[in-house]
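Subject: Structure handover

Hello,

Here is the structure I said I would pass on.

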Amino acid sequence: MSRTHLCVLGATGFTGKRVAYELASQISTLHAENKGFTWSIAGRRASALEEVLAQIMKIVGAADGKDSDNTEKGLLPRIISGVDVTDVGSLVKMASQTTLVLNCVGPFAELGENVVKAVLDASEATGQVTHYADVTGETYFIERMVRLYRDRAAKLGCTIIHAAGVDSIPTDIGVLYAKMQLGADVVPAGIEMGFTLQSEGRMTFNFATYASAVAGFASRKELSANRKQLFSALPRATPLAVEKGLSTGAVKPKKSLGGLVQYHDGFHSHVMPFFFTDPAVVRMSQSLMLEAEVKDFQPISFVGYFTLPSLLAQLVVIVFLTLFAGLCDFAFGRALLLRYPSFFSGGLFSKQGPTQEQIDQTSFTVTLIARGHSKALLAGAAPGSKIGPDVTATIKVRGPEPGYVATPIVFVAAARSILKNGEAVNRGVLTPAAALHRTDIIKVLNEDGRVTMKKVA
Ligand SMILES: NC(=O)c1ccc[n+]([C@@H]2O[C@H](COP(=O)([O-])OP(=O)(O)OC[C@H]3O[C@@H](n4cnc5c(N)ncnc54)[C@H](OP(=O)(O)O)[C@@H]3O)[C@@H](O)[C@H]2O)c1
């Protein structure tokens with residue numbers, strides 16, 4: 001059987017089916033970019049995959065899913081059923097039949113490693129490289145995969161990209177874009193990120209993301225041990241401004257109530273530290289790009305925040321988070337959290353997932369405030385003089401509902417970049433920026449127009 005260009009694994013899930021539909025909606029572009037494009041959808045259950053195929057048929061305007069011509073011509077995906085991530089044989093077989101696995105099966109700390117291994121095993125066994133990307137937002141999983149498999153992946157010529165959904169393409173690729181906007185005569189010093197969720201109604205996310213968050217909070221100890229090991233083997237990214245004892249210009253939030261309540265003048269908003277994976281991914285990108293000796297690469301200091309609409313919203317989040325983090329430390333607490341997701345998240349997560357109306361009403365903005373020293377200023381700055389940056393650029397990455405609308409859009413943009421950019425895509429176990437910084441992913445996103453990066457000041 002011939003290899004397909006890509007395969008969506010977990011295509012029956014809340015996210016996976018939307019990734020498959022997004023691919024279907026871009027089928028002409030995929031054909032234009034890849035000669036003889038073909039694709040597949042994979043999962044455990046044939047009947048559920050057939051249902052996804054039926055919806056894809058409507059999107060691409062194909063009358064018959066059983067017409068093998070439609071599959072051979074790459075209009076419709078081939079179905080690969082019986083693929084269970086606990087069955088390594090089924091995974092290797094699937095990975096051997098495609099050039100790129102798009103993994104939507106989570107929680108990843110529990111279910112992801114076998115898929116990464118299978119992609120590497122399949123590449124070794126067939127002598128034909130299979131690449132991989134996923135939508136994980138789980139820091140421990142990402143850092144562990146980088147530590148365990150990056151040498152093997154690089155040797156085999158495989159690209160494994162984690163966090164290629166809204167965690168963390170808007171921020172990680174946005175950082176590349178923000179640095180570019182400072183201009184060639186500026187040495188970047190620091191970037192502050194503010195993540196804002198907007199909704200005209202009530203926001204809800206699907207249970208699997210909540211389960212991933214519970215697993216993430218519960219694995220804090222393992223995360224820290226793994227991180228120590230990983231970063232002892234990776235170069236540390238220190239901005240030139242910090243090396244020279246200059247200021248990065250980062251705004252310190254004003255704190256009250258013992259530091260619990262914070263207000264940031266740059267974002268004109270209450271903020272709290274960004275506890276999802278973006279800051280860890282940006283840090284990893286920097287170390288990986290330093291390790292790869294990327295030409296003209298300039299590290300930055302990075303700090304991320306959630307922006308909150310009011311003091312009251314901040315206080316409510318603090319109460320829920322404190323309870324959530326406390327319960328995550330105990331098996332009984334985790335069982336409680338997983339049993340009553342809606343109650344313990346104030347309605348933010350549910351086993352039913354969001355309604356279409358809730359999805360339609362939600363959007364996000366990532367604001368990146370980048371600062372740097374002009375080369376002229378740097379030349380005259382005495383070491384330790386604490387001189388602040390003289391150039392600032394503010395970038396906004398805007399998109400629709402992050403989990404199930406923007407994630408498929410940015411994930412498919414990453415997939416397109418992997419398939420069409422050949423050797424410009426770096427090899428190894430990587431973050432989006434470390435893998436794709438030489439590709440046209442920013443152009444792809446901006447031309448598509450649904451998740452955009454723009455300089456606003
Ligand atoms: N990074 C982001 O921005 C972002 C956005 C959205 C989602 N996510 C992540 O994506 C993951 C999936 O979320 P979701 O809401 O789509 O979850 P979901 O609706 O529960 O879907 C899970 C998918 O995984 C499959 N699966 C589960 N166990 C499997 C196994 N042993 N073997 C093969 N397939 C298996 C399921 O197949 P069945 O249908 O057979 O059960 C289903 O297709 C989560 O980790 C979530 O955090 C990330």
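**The parallel sheet**

Strand 1 (residues 6-9) and strand 4 (residues 100-103) run parallel and are joined by 3 bridges. Please keep in mind throughout that this is a predicted model. Within this pair, L9 has N103 of strand 4 as its bridge partner.

Both strands belong to an open sheet of 7 strands, ordered 3-2-1-4-5-6-16, in which the pairing is parallel. At its edges are strand 3 (78-80) and strand 16 (428-430), each of which pairs on one side only. On average, neighbouring strands of this sheet are turned by 20 degrees against each other, direction ignored.

Helix 1 (residues 14-25) packs on it and touches strand 1, strand 2 (39-42) and strand 4. The direction of helix 1 makes about 155 degrees with that of strand 1. Helix 7 (residues 113-126) lies across strand 1, strand 4, strand 5 (131-134) and strand 6 (159-161). Relative to strand 4, helix 7 runs at about 180 degrees.

Strand 7 (residues 186-199) pairs with strand 14 (residues 362-374) in the antiparallel sense, over 13 bridges. One of the residues involved is F195, whose bridge partner in strand 14 is V366.

Is V186 buried or exposed? V186 is buried, because 24 other C-beta atoms lie within 10 Å, and 20 or more are enough to count as buried. Leaving out residues up to four places away in sequence, V186 touches G372, H373, S374 and V391. V186 and K375 are 189 residues apart in sequence, yet their C-alpha atoms are 5.6 Å apart in space.

At the strand 9 end of the order there are two hairpins to look at:

- Strand 9 and strand 10 (residues 261-264) pair in the antiparallel sense over 3 bridges, and K255 stands opposite Q262 in strand 10. The two strands form a hairpin with 4 residues between them, and L257 in the turn has a positive phi of about 50 degrees.
- Strand 10 and strand 11 (residues 269-273) run antiparallel and are joined by 3 bridges, with S269 in strand 11 as the bridge partner of H264. This hairpin also has 4 residues between its strands, and H268 in the turn has a positive phi of about 50 degrees.

**Domains and core**

The protein chain is divided into domain 1 (6-134) and domain 2 (169-401). Taken over C-alpha atoms, the centres of the two domains are separated by 31 Å. In the contact between them, 6 residues of domain 1 meet 7 residues of domain 2. Helix 6 (residues 108-111) gives the most to the side of domain 1 that touches domain 2, with 3 residues.

Which residues of the largest nonpolar core touch the most other members? Of its 129 residues, they are V8, L9, L102, V119, I160 and A414. Helix 19 (residues 402-420) gives the most to this core, with 11 residues. The core draws at least three residues from each of domain 1 and domain 2.

Setting aside neighbours within four places in sequence, L102 is in contact with L6, C7, V8, L9, V19, A133, F411 and A415.

**A region annotated in UniProt**

In an unreviewed entry, UniProt lists residues 311-332 as "transmembrane region". In the model, the chain over residues 311-332 is 91% helix and 0% strand. The end C-alpha atoms of this stretch are 32 Å apart.

Regards

Notes. Residues are numbered from 1 along each chain as its sequence is written. This is a predicted model: local features need pLDDT of at least 70, side-chain atom pairs count only at pLDDT 80 or more; totals for chains, interfaces and linings use all residues. Two strands pair if DSSP finds at least two bridges between them. A nonpolar core is a set of buried Ala, Val, Leu, Ile, Met, Phe, Trp, Tyr and Cys residues joined through C-beta atoms within 7 Å. A residue is buried if 20 or more other C-beta atoms lie within 10 Å of its own, exposed if 12 or fewer, and partly exposed in between; C-beta atoms are placed from the backbone. Domain bounds come from an automatic or database domain assignment. Two residues are in contact if their C-beta atoms, placed from the backbone, lie within 7 Å. UniProt positions are given in the numbering used here, feature names are shortened, and annotations may be inferred rather than shown by experiment. Axes are lines fitted to C-alpha atoms, for helices over the stretch in contact, and angles run from 0 to 180 degrees between N-to-C directions.
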